[in-house]
Amino acid sequence: MAWQVVEQNAQVNATHACLLRTGKVLYFRAWGPPYESRVWNPAAGQITTQVIPPWPAPKNSVDPPGLFCSGHCFLPDGRVLVAGGDPDPYPPPKNHQFKGLKWTYIFDPATETWSPAEAPPGNPHPMADGRWYPTITAVGEPRNIPEKVVAMSGYRRELNDKGESVVNEKPERYIPPGIFTSGWATLPPQADMPTSFRDLYPGAHVIPYGSYAGEVFYSEPNTQAWRFKHWARPELGEVFWNTVGVPRTEGRSGGCSVLLPLRVGSTAAKVLILGGDRGQPLGVTNTVEIIDLSSASPQWASVEPMFFARHHANAVLLADGKLLVVGGHQTEQFGNSIYASELFDHATGKWTSLCEMSIDRNYHSTGLLLPDGRVWVSGGEEDNALHRSIEVFSPGYLYEGSRPIINSAPSTISYGAQFGINVSEVISSVVLIRPGSVTHALDMEQRYVELPIGDAIINGGVSYPVQAPANANITPPGYYMLFVLKPKQQSLSKQTSIPSVASWVRLV
């Protein structure tokens with residue numbers, strides 16, 4: 001395994017990053033002019049620039065397209081929805097109190113262009129209020145609900161009468177263009193965020209199984225976890241919000257939240273949270289907790305801690321299902337950056353310390369799994385010094401033998417259907433991994449789902465029947481990386497898996 005700097009000058013700080021269905025990486029900061037993004041092409045090592053256009057209405061608007069500190073997710077057609085941000089230009093005014101931007105933009109991977117979210121042209125889709133530090137979540141079921149995205153939290157557009165930032169407590173749902181009447185929909189007052197939950201950038205995961213499947217689970221930084229039934233009908237006595245587990249004793253500002261891999265033959269849906277700042281006098285932590293949402297009474301349980309306390313790290317699920325944690329710093333303020341990475345094997349509950357990066361990656365850094373199985377890392381800043389470089393990590397599975405090859409796989413698969421793949425050799429598993437969409441230590445999209453496979457058929461390669469996920473709670477609609485893995489026997493009877501390069505498939 002090894003780290004390699006592949007680009008010394010990425011041109012802008014990668015505060016936000018998304019892996020596109022083209023295999024390229026979109027990244028941006030967009031705080032102050034020029035309002036632009038960059039796309040990095042790993043095949044050619046090229047970087048291109050995209051202009052984020054002004055919002056078209058109202059004409060007297062003074063808010064620039066400042067997508068800094070926004071939230072984002074993928075729409076079912078693979079485009080990126082970006083909502084919120086910071087309306088104030090850079091540098092911020094003295095005694096700056098953050099405000100939220102109302103605007104919503106869409107990035108199209110096919111044309112690599114930005115446009116205001118609108119349909120038809122001339123009917124732009126602003127949110128009802130601003131959101132700075134929001135969580136934007138792609139949702140699945142129930143399929144008869146046209147809204148495919150939930151926006152939660154963030155600071156409102158206007159300050160209160162004391163000149164202080166105010167949390168936007170009103171969730172909104174979004175209907176993408178082309179699906180019925182598109183745009184944002186506000187929810188009834190009963191859907192307002194609970195008072196104890198009014199924090200920023202909450203970690204969010206769609207619950208895949210069980211009685212609460214389809215609800216959004218909000219894990220941290222607040223001490224009380226919640227589930228949100230975004231389609232609840234209060235007139236029928238249904239409620240939007242329910243607590244999950246007893247409150248934890250410590251918060252996790254700037255911590256990470258990850259839905260661990262969903263495995264064949266199991267309905268366990270485990271969410272892991274790690275690191276973060278607990279506030280004074282406790283400071284930054286190395287602790288790790290897991291909750292199983294499939295349990296009749298889910299509760300948080302502590303597991304083996306990391307080697308390092310980490311604030312604003314990145315946690316990336318690898319192609320073999322292990323969790324790579326990189327970067328972060330050990331104090332609330334800048335400084336004490338962590339160069340060493342570490343790996344969590346949730347099958348054993350153990351951490352392994354790995355090699356060091358050459359550049360510190362802390363606040364405003366990002367990390368993504370690439371289709372070739374490597375990990376892309378960029379961004380970070382310290383004392384106003386922005387880290388404009390790209391570094392790539394090659395996991396150990398890239399050095400452990402030949403990799404299987406996907407000879408053929410469908411480009412589109414349907415929920416509950418069986419499909420076929422042809423590969424170069426016998427494999428042990430097939431997985432779908434949703435491309436990452438990450439900012440501020442949270443990947444808003446990360447999802448790893450193992451699929452059932454049938455018996456191998458030798459026919460000029462090796463063919464397998466594969467069962468698609470049953471529904472959109474397990475895998476929200478959209479594009480996924482399809483990896484096949486073969487076993488590799490290691491010493492001491494330990495097992496690891498060697499992944500292929502991914503194919504792209506769309507779930508519909």
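Okay, before anything else, a quick word on the naming: strands, written E, are DSSP runs of at least two residues, numbered from the N terminus. Keep in mind, too, that this is a predicted model.

With that, let's go to Asp-277. It sits in the loop between strand E19, residues 270-274, and E20. Is Asp-277 buried or exposed? It comes out at 7% relative accessibility, so it counts as buried; the cut-off for that label is under 20%. And which residues does Asp-277 touch, once we skip those up to four places away in sequence? The list is Gly-251, Arg-252, Ser-253, Gly-283, Val-284, His-311 and Glu-332. If you want a distance to hold on to, the C-alpha atoms of Asp-277 and Ala-315 are separated by 16 Å, and those two residues are 38 apart along the chain.

Now look over at Pro-33. This one is in the loop between strand E3, 25-28, and strand E4, 36-41. Pro-33 counts as exposed because its relative accessibility is 63%, and the cut-off there is over 50%. From Pro-33 to Pro-64 you move 31 residues along the chain, and their C-alpha atoms are separated by 8.6 Å.

How many aromatic pairs does a search of the whole structure find? It finds 20. Let me show you a couple. Phe-217 and Trp-300 make a tilted pair, 6.2 Å centre to centre with 35° between the planes. Phe-217 belongs to strand E15, residues 216-218, while Trp-300 is in the loop between strand E20, 288-292, and strand E21, 301-303, so this pair ties together parts that are 83 residues apart in sequence. Both Phe-217 and Trp-300 are buried.

The other pair is Phe-228 with Phe-240. Why do we call that one stacked? The ring centres are 6.0 Å apart and the planes are at 25°, so the pair is stacked; the angle has to be under 30 degrees for that. This pair also links distant parts of the chain, 12 residues apart: Phe-228 is in strand E16, residues 225-228, and Phe-240 is in the loop between E16 and strand E17, 241-244. Again, Phe-228 and Phe-240 are both buried.

Arg-227 lies over the face of Tyr-212, 3.4 Å from the ring centre. Arg-21 does likewise with Tyr-479, at 5.2 Å from the ring centre.

The largest pocket has a volume of about 1100 Å³. It is lined by 44 residues, and the closest to its centre are Phe-68, Tyr-133, Tyr-363, His-364 and His-440. Split by class, that lining has 20 nonpolar, 14 polar and 10 charged residues.

Then there are the cavities, five of them at 30 Å³ or more. The largest cavity holds about 110 Å³ of space. Its lining includes Thr-137, His-205, Arg-434 and Pro-476. Which strand gives the most to that lining? That's E14, with three residues. Strand E10, 135-138, and strand E14, 204-206, each supply at least two. By class, the lining of the largest cavity divides into five nonpolar, three polar and four charged residues.

That's my tour, thanks everyone.

Definitions and conventions. Residues numbered from 1 in each chain as written. Predicted model: local features only at pLDDT ≥ 70, side-chain atom pairs only at ≥ 80, totals over all residues. Heavy atoms only, no water. 1 Å grid on protein atoms, 1.4 Å probe; cavity = no way out; pocket = protein on both sides within 12 Å on 5 of 7 lines; lining within 4 Å. Points joined across faces, edges and corners; volume = space filled by probe spheres on them. Nonpolar A, V, L, I, M, F, W, Y, C, P; charged D, E, K, R; others polar. Phe/Tyr/Trp six-rings, centres within 6.5 Å; stacked < 30°, edge-to-face > 60°. Helix = DSSP H or I, 4+ residues; strand = E, 2+ residues; numbered from the N terminus. Buried < 20%, exposed > 50% of the residue type's maximum accessible area, 1.4 Å probe, protein only. Lys NZ or Arg CZ within 6 Å of the ring centre and 35° of its normal. Contact = heavy atoms within 4.5 Å.
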